[in-house]
Amino acid sequence: MGTPGGAGESGTVGSGAAGSGSAGSGSAGWGDGTRVVHSAAVAPGEPFLAGPVLAAPYRLGGDDTYGRAHNPTWRALETALGGLDGGECVLFPSGMAAISALLRTVLAPGDVLVVPSDGYYLTRALAAELRVEVREVPTAGPYPSFDGVRLVLLESPSNPGLDVCDIAALTEAAHACGALVAVDNTTATPLGQRPLELGADVVVASDTKAVAGHSDVLLGHVTAADPALAERIRAARTTGGAIPGPFETWLAHRGLGTLDLRLERQAANAAALHAALSGHPAVTGLRWPGAAGDPAHEVAARQMRRFGGVLVFVLADEAAVARFLERSELVAASTSFGGLHTTADRRAQWGDPVPEGLIRLSAGCESTEDLVADVLNALG
């Protein structure tokens, strides 16, 4: 594995290689920075990123008919994300809308669904409302047989625990039993991990986080390796009406252009914070897959192209977290991650089965020295 900052311009660190389908005929050999900056095709005399198309009906006679089914702003970002993921992308107004559309499209009453018991809690809540059999398995396993399973939904690294599973091995086992495999790739991002190249059938993600990257957009997407499955999901979006706003889509595409740069700084900050917090008397349960000593590092280094900016640690209790946040000048309490600002979220307050003092810290893009000094000072 490369340095904790990740692949950078080479785009070849780890097992992942550059995917296909993004703008430009030379894109297959481009590095990550080039791919995201040039993720929209630009014609002479046109802006580098065309403004959002806000139409509801279109004048008939062309490819677009009605705003619930068609929008050029969607297609531009779907082409970009599909190229990064290596499949065909369908946008949704949030990550949960994307997951909901996937589950409702793939699953029928009585089907068996495997979900992570330590992943995003709302995914489990949604699964419990469906007329399917739900089997919960920790991200790190052990996994039982996938006999009779229709869909295996993985999340790696998991949120909030940052455990990792072997996507390629689990996909092989699931496919042998006739199951589909989807991977929630929100924490890793399409630059950090490419599950479709590891054999998965579907990628789902909340682009609210690092892809848009500026804490001002709700968005999500599903990317399928099989175009026919992508078309079924797109048809479900049209019928169900869970469509993204064109302006939000445009904002996310604008944010995508700096994803490589932001991830590099965030990962560097996460690495520095991990080093500073290791052995700190106030901190236990420190996790970051990029650290050589982390339990997830071996598998993460094998399948991830770069490590992210999210780390997890535990303080004594809820009061200790409150004191930490009160003393910090740079870390804000917030329940999202992947933005420019460093944020901390005490996950137990949302019902996650974790210690009361567990913090999911999302390293932002502040200067590394300032951030480390601030966090250490806040810990007292």
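Trainee: In which loop is lysine 209 found?

Mentor: This is a predicted model, where local features need pLDDT of at least 70, side-chain atom pairs count only at pLDDT 80 or more, and totals for chains, interfaces and linings use all residues. Residues are numbered from 1 along each chain as its sequence is written, and side-chain values use heavy atoms, with hydrogens and water left out. Strands are DSSP runs of E, at least two residues, and helices are runs of H or I, at least four, numbered from the N terminus. Lysine 209 sits in the loop between S6 and strand S7 (220–224).

Trainee: Which feature does UniProt place at Lys209?

Mentor: The entry is unreviewed. Such annotations may be inferred rather than shown by experiment; positions follow the numbering used here, and feature names are shortened. The record gives "modified residue: N6-(pyridoxal phosphate)lysine".

Trainee: Is lysine 209 buried or exposed?

Mentor: Buried means under 20% relative accessible area, exposed over 50%, partly exposed in between (1.4 Å probe, protein chains only). Lysine 209 has 16% relative accessibility, so it counts as buried.

Trainee: Which residues does lysine 209 touch?

Mentor: Contact means heavy atoms within 4.5 Å. Leave out residues up to four places away in sequence. The partners are Thr186, Ser336, Phe337 and Gly338.

Trainee: Which residues are the closest to the centre of the largest pocket?

Mentor: On a 1 Å grid over the protein atoms alone, a pocket is an open set of points with protein on both sides within 12 Å along at least five of seven lines; a cavity is a set where a 1.4 Å probe fits but cannot get out. Lining residues have an atom within 4 Å of a point. The largest pocket holds about 410 Å³, as space filled by probe spheres set on points joined across faces, edges and corners. Of its 23 lining residues, the closest to the centre are Gly95, Met96, Tyr120, Ser206 and Lys209.

Trainee: Why does the largest pocket lie between two domains?

Mentor: Domain bounds come from an automatic or database domain assignment. The pocket lies there because its lining takes residues from both domain 1 (32–255) and domain 2 (259–379).
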